[in-house]
Amino acid sequence: MGSLDAFKEDELTVLVTGFGPFKEQYPVNPAWEITASLPDYLPSERAKDPAGRQAPANLPAVRILKHGPVRVNYEVVRSLVPTIWDNPAQKVDYVIHIGMAGPDHVYSLERRGHRDGYDKQDVDGQLLGDDQRRKREGDQWIWHDVPEELLTDLDIEKIYKRWVERTPDDIHLKISDDAGHYLCDFIYFSSLAHLHKQQRPKKVVFFHVPLHPDEESISRGKELALQLIRSIAEFGLKKELVS
């Protein structure tokens, strides 16, 4: 029993969130379908990865927690984020938020989140209303003294490079600096801001996937999410070993 407890203490935990249905046009959100399809643990990898490079032998077990489907609603997201990061009963090393983008077959790793510019209604017809809230609440406003933009503390360029190496050449991956100023951007900035205010490392990224909910697209998105998790875990481990 002791060895089992020690093993669990050493494992990495990645929490993944996915949004639920987006209005009548998109009753099935691929973000949640991909998230829900992920296994509880990152599968072991072949001795060599698809790029022919030796896979690290000392990567600990990587547990994958799934949360969702997250309602596409500002207040739901604002209430949810602190429970993700501050739950004393749930160890979380990294968070990946997954959301739906447009019809193009492009998969984006978002570098930054934005505080302002949320002028679109959520699925319940509600506006964020932070401009009025900021004036009314002053220095008690939730994001008072938080910068307009926040970047993840993860090394996006290195993670992206490794992610690309693990991905077939016919799949289009990119780094993006515009998460869209809607719920995807909002949940990302909410996580970044929560960690910023607590002076904690911002170990969070946002993964944008195409809007297609067919079986092939979900399967592809699942594999890309797993390789992203692996890339994040490997570089996180390397950074800890160097430090």
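Student: What makes the link between the side chains of R78 and D130 a polar contact?

Tutor: Happy to start there, and please keep in mind that this is a predicted model. The side chains of R78 and D130 come to 2.8 Å of each other. The cut-off for such a pair of N or O atoms is 3.5 Å, so the pair qualifies as a polar contact.

Student: Where does R78 sit, and is R78 buried or exposed?

Tutor: R78 belongs to helix α3. Its relative accessibility is 13%, and buried means under 20%, so R78 counts as buried. Beyond its neighbours within four places in sequence, R78 is in contact with L128, D130, R133, I142, W143 and F186.

Student: W143 is among those contacts. How do you know that R78 lies over the face of W143?

Tutor: R78 is placed at 4.6 Å from the ring centre of W143. The distance limit for a charge over a ring is 6 Å, and there is also an angle limit from the ring normal. R78 is listed as lying over the face of W143.

Student: Which aromatic cluster does W143 belong to?

Tutor: W143 forms one aromatic cluster with F22, Y26, Y74, Y118, W141, Y182, F186 and F189. The count of aromatic pairs comes to 12.

Student: Why is the pair of Y74 and Y182 called edge-to-face?

Tutor: Two values decide that. The ring centres are 6.3 Å apart, and the limit for a pair is 6.5 Å. The planes stand at 90 degrees, and anything over 60 counts as edge-to-face, so that is the name for Y74 and Y182. Y74 is in helix α3 (residues 74-85) and Y182 in the loop between β7 and α6, so the pair ties together parts 108 residues apart in sequence. Both Y74 and Y182 are buried.

Student: And what makes the pair of Y107 and F207 tilted?

Tutor: Their centres are 6.2 Å apart, with 35 degrees between the planes. Stacked needs under 30 degrees and edge-to-face over 60, so an angle of 35 degrees gives a tilted pair. Y107 lies in strand β4 and F207 in strand β8, so this pair links parts that are 100 residues apart in sequence. Y107 and F207 are both buried.

Student: How do you know that β4 and β8 are paired strands?

Tutor: Pairing takes at least two bridges, and 3 bridges join β4 (residues 106-110) to β8 (residues 204-209). The two strands run antiparallel, with S108 opposite H208. On the parallel side of the story, β3 is joined to β8 by 6 bridges, with G99 opposite H208. Another parallel pair is β1 and β3, with 5 bridges; there V16 stands opposite I96.

Student: Why are β2 and β7 said to stand at the edges?

Tutor: The open sheet has 6 strands in the order β2-β1-β3-β8-β4-β7, with mixed pairing. β2 (62-70) and β7 (172-176) each have a single partner strand, so one side of each is left without a neighbour in the sheet. On average, neighbouring strands are turned by 20 degrees against each other, direction ignored.

Student: Which helices lie on this sheet?

Tutor: Helix α5 (residues 156-165) lies across β4, β7 and β8, at about 175 degrees to β7. Helix α6 (residues 183-197) packs on the sheet too, touching β1, β3, β4 and β8, and its direction makes about 170 degrees with that of β8.

Student: What makes β3 largely enclosed?

Tutor: 7 of the 7 residues of β3 are buried, so the rest of the structure largely encloses this strand. Y94, I96, I98 and M100 cover one side, V95, H97 and G99 the other, and all are buried.

Methods: Residues numbered from 1 in each chain as written. Predicted model: local features only at pLDDT ≥ 70, side-chain atom pairs only at ≥ 80, totals over all residues. Heavy atoms only, no water. Helix = DSSP H or I, 4+ residues; strand = E, 2+ residues; numbered from the N terminus. Axes fitted to C-alpha atoms, helices over the stretch in contact; angles between N-to-C directions. Contact = heavy atoms within 4.5 Å. Phe/Tyr/Trp six-rings, centres within 6.5 Å; stacked < 30°, edge-to-face > 60°. Buried < 20%, exposed > 50% of the residue type's maximum accessible area, 1.4 Å probe, protein only. Lys NZ or Arg CZ within 6 Å of the ring centre and 35° of its normal. Polar contact = N/O pair within 3.5 Å; in protein donor to acceptor, adjacent residues only side chain to side chain.
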